[in-house]
Amino acid sequence: MDKFSITGPCRVMRGEVSISGSKNAALPILAATLLFDKPVIIENLPSRTRDIQVMLNLLKSLGSNIQFLNNKKTVKITKTKKQKQFGSYSILKTMRAGILILGPLVSKYGKSICSFPGGCVLNGNSGRPINLHLEALKKLGMKYEIKKGYIHAKSNGKLKGNKIEFPAISVGASQQLIMSSVLAKGKTLLHNLACEPEILDLTNFLISAGAKIKWIGKRTCQIIGVSSLKETKYSVMGDRIETGTFCVAATLAKGDLLIKNFDPKLIKTELNLLKKVGAKIKLFKNSINIKGPERIKSIKNITTKEYPGFPTDLAPQFMVLLCKASGTSSITENIFQGRFLHAMELQRLGAKITIKNRTAKIEGSTNFIAAEVMSSDLRASAALVLAGIVSKGNTVVTRVYHCDRGYENFENKLKKVGVKIKRSK
Ligand code: EPZ
């Protein structure tokens with residue numbers, strides 16, 4: 001298992017960062033290719049992230065032909081005669097988003113046998129439930145039974161459009177139902193949807209192929225079923241959380257970064273918070289210039305919420321930043337129970353963090369001293385790297401396969417702006 005060694009503190013963090021395509025937009029878009037008969041070309045794919053490689057392997061195991069064009073960022077996906085509808089545990093246990101093939105397969109082929117998903121341990125022992133997915137799919141006419149950890153699902157012919165109100169907001173369940181309604185018979189109204197930019201990227205992708213999708217409210221989509229989708233070529237949006245991670249890095253390390261290939265309008269909440277702690281930010285159409293302050297101000301309480309609130313996926317990175325603030329701050333996590341696993345590892349570096357229920361209280365002015373720390377999930381891994389950048393000495397971050405799930409070329413992008421980081425086995 002690979003690890004990173006980071007020699008800190010980084011004195012000069014300066015230069016340009018090129019943001020990769022969004023993993024969390026690309027995953028449902030790739031799953032949605034199962035709805036097509038015609039070829040689909042997807043550009044700006046972060047194909048070197050593990051999650052994308054897992055999804056591409058999953059599509060291959062279902063019979064799709066995957067062909068990289070000109071560079072590693074463009075892929076052409078074509079259906080073959082030997083389409084299958086089996087989502088294996090060996091693949092789905094490594095990535096929760098694998099469950100996004102269920103709806104498209106049942107919608108397109110009328111059946112699927114799909115394993116329950118695995119993925120980050122973000123919810124502690126309550127796992128990563130998919131009840132919201134299954135309950136809503138049933139309302140479109142999907143029938144299923146669960147046998148030995150597999151969902152045996154089928155529909156009598158086409159799924160049928162329906163009015164569905166989600167009892168709770170779920171990114172994955174929203175993506176699942178949008179995809180599953182596109183070929184359903186008649187009209188579907190989806191209420192209380194998640195509205196992350198990655199979901200709009202999915203609907204824009206499907207609309208580019210002739211799907212009849214209309215956002216008729218902030219969290220409401222109307223979908224009129226079509227008989228088939230056209231060939232299309234679509235470029236995935238920039239990665240919102242990678243952008244946020246590098247914005248935190250610059251703020252943390254008194255850096256001066258030009259972060260390119262991302263529309264700053266999509267992260268207003270995060271940028272306002274970074275301005276509050278003292279960062280100087282200039283916005284351009286598709287890039288952000290951010291300068292870190294001499295003194296980082298504390299923030300009484302940050303609470304994570306569904307978009308457009310503060311994203312849970314940036315809570316670990318902000319926790320590192322607030323350790324360096326002058327004064328006490330706190331972060332309250334409302335989405336996942338297991339979001340603070342990295343706090344114990346930060347304490348090994350000298351952080352003073354106390355967790356009560358869903359709130360982490362963070363003492364400021366931490367003098368981070370290098371140590372060996374272990375990644376527990378994707379964003380925790382990135383947060384530990386950020387801490388290593390401002391720690392005195394050589395920090396070793398182990399199990400960076402977590403980082404590789406969602407950050408493409410992370411260490412090389414950091415090296416390019418002055419961070420002393422190297423990967424080893
Ligand atoms: C997506 O996960 C993202 N993953 C996560 O990013 C992100 O943290 C999360 O949305 C919230 O923004 C991808 O897009 C691949 P949810 P998802 O369904 O869809 C509960 C990363 O770092 N829930 O919105 O799994 C669930 O347990 C990853 O890139 C149910 O109870 O998130 C959680 O507490 C980590 N039943 C809450 O809802 C369900 O059927 C939000 O989950 C589904 C979810």
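Ile-6 sits opposite Thr-395 in strand β23. That is a handy place to start in this predicted model. The pair belongs to a run of 5 bridges between strand β1 (residues 3–8) and strand β23 (residues 393–398), and the two strands run antiparallel.

Now for the overall layout. The protein chain splits into domain 1 (3–19 + 238–424) and domain 2 (23–235). Their C-alpha centres are 30 Å apart, and the contact takes in 25 residues from domain 1 and 27 residues from domain 2. Together the two domains bury about 2,100 Å² between them, with 51% of that on carbon and sulfur atoms. Which three residues supply more than any others of the area that domain 1 buries against domain 2? They are Tyr-307, Arg-405 and Glu-408, with 35% of that area.

Next, an open sheet. It has 4 strands in the order β18-β19-β21-β20, with mixed pairing. The edges are β18 (302–303) and β20 (353–356), each of which pairs on one side only. Strand β19 (residues 329–332) and strand β21 (residues 359–362) run antiparallel and are joined by 4 bridges. Look for Thr-332, which stands opposite Thr-359 in β21. Helix α10 (residues 315–323) lies across β18, β19, β20 and β21, and runs at about 170° to β19.

Helix α10 also has a helical partner, α8: the two pack at an angle of about 5°, with their axes 10 Å apart. So α8 and α10 are roughly parallel to each other. On the α8 side, the contact is made by Ile-241, Thr-245, Val-248, Thr-251 and Leu-252, while α10 brings Gln-317, Phe-318, Val-320 and Leu-321. By class, that gives 6 nonpolar residues, 3 polar ones and no charged ones.

Helix α8 (residues 240–252) packs with helix α9 (residues 268–277) too, again at about 5°, with axes 11 Å apart. That angle makes α8 roughly parallel to α9. This time α8 uses Arg-240, Cys-247, Val-248 and Thr-251, and α9 answers with Glu-270, Leu-271, Leu-274 and Val-277. The residues in this contact come out as 5 nonpolar, 1 polar and 2 charged. Val-248 and Thr-251 turn up in the α9 contact and in the α10 contact as well.

One more set of strands deserves a stop. Strand β7 (residues 111–115) is joined to strand β6 (residues 86–87) by 2 bridges, with the two running parallel. There, Gly-87 stands opposite Cys-114 in β7. What does Cys-114 stand opposite in β9? The residue is Ile-151. β7 and strand β9 (residues 150–154) share 5 bridges and run antiparallel.

Here are the strand pairs from this tour, side by side.

| Strand pair | Direction | Bridges |
|---|---|---|
| β1 and β23 | antiparallel | 5 bridges |
| β19 and β21 | antiparallel | 4 bridges |
| β6 and β7 | parallel | 2 bridges |
| β7 and β9 | antiparallel | 5 bridges |

Definitions and conventions. Residues numbered from 1 in each chain as written. Predicted model: local features only at pLDDT ≥ 70, side-chain atom pairs only at ≥ 80, totals over all residues. Heavy atoms only, no water. Axes fitted to C-alpha atoms, helices over the stretch in contact; angles between N-to-C directions. Parallel < 35°, antiparallel > 145°, perpendicular 65-115°, else oblique. Contact = heavy atoms within 4.5 Å. Nonpolar A, V, L, I, M, F, W, Y, C, P; charged D, E, K, R; others polar. Pairing = 2+ DSSP bridges. Domains from an automatic or database assignment. Buried area = accessible area lost by both parts, 1.4 Å probe.
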